[in-house]
Amino acid sequence: MEKEAAIIGVGTRIEIWNKDKWREYNSEENISADEIAENMTMLGI
């Protein structure tokens with residue numbers, strides 16, 4: 001890590017990301033709300 005960090009957590013898990021890399025990964029181009037909902041359904045959440 002060189003600068004700011006983003007700590008992302010759900011349930012019992014956390015991830016620590018470089019803040020800029022997280023923004024890039026989490027952009028609308030990479031994932032949509034529909035994809036999230038579908039993945040959660042597949043996991044039984």
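**Figure 1. Tryptophan 22 and its burial.** Tryptophan 22 has a relative accessible area of 18%, so it counts as buried, a term that means under 20% relative accessible area, with exposed being over 50% and partly exposed in between (1.4 Å probe, protein chains only). The model is predicted, so that local features need pLDDT of at least 70 and side-chain atom pairs count only at pLDDT 80 or more, while totals for chains, interfaces and linings use all residues. Residues are numbered from 1 along each chain as its sequence is written, and side-chain values use heavy atoms, with hydrogens and water left out.

**Figure 2. The aromatic pair of tryptophan 22 and tyrosine 25.** Tryptophan 22 and tyrosine 25 form a tilted aromatic pair, with 5.9 Å from centre to centre and 40° between the planes. Rings of Phe, Tyr and Trp (its six-membered ring) pair if their centres lie within 6.5 Å, and planes under 30 degrees apart count as stacked, over 60 as edge-to-face and the rest as tilted. Both residues belong to helix H1 (residues 19-25), where they are three residues apart, about one turn of the helix; helices (H or I, at least four residues) and strands (E, at least two) are DSSP runs, numbered from the N terminus. Tyrosine 25 has 47% relative accessibility and therefore counts as partly exposed.

Figure 3. Three aromatic pairs are found in a search of the whole structure. In one of them, the rings of tryptophan 17 and tryptophan 22 have their centres 5.2 Å apart and their planes at 65°, which means that the pair is edge-to-face. Tryptophan 17 counts as partly exposed because its relative accessibility is 21%. Together, Trp17, Trp22 and Tyr25 make up one aromatic cluster.

Figure 4. Strand E1 (residues 5-10) and strand E2 (residues 13-18) run antiparallel and are joined by six bridges, where two strands pair if DSSP finds at least two bridges between them. Tryptophan 17 in E2 is the bridge partner of alanine 6. The hairpin has two residues between the strands, and glycine 11 takes a positive phi near 60° there.

**Figure 5. The protein chain as the setting for these views.** The protein chain contains two helices and two strands, which follow the pattern β-β-α-α when read along the sequence. Its C-alpha trace spans about 35 × 25 × 10 Å along the principal axes. Of the 45 residues in the protein chain, 4% are buried.
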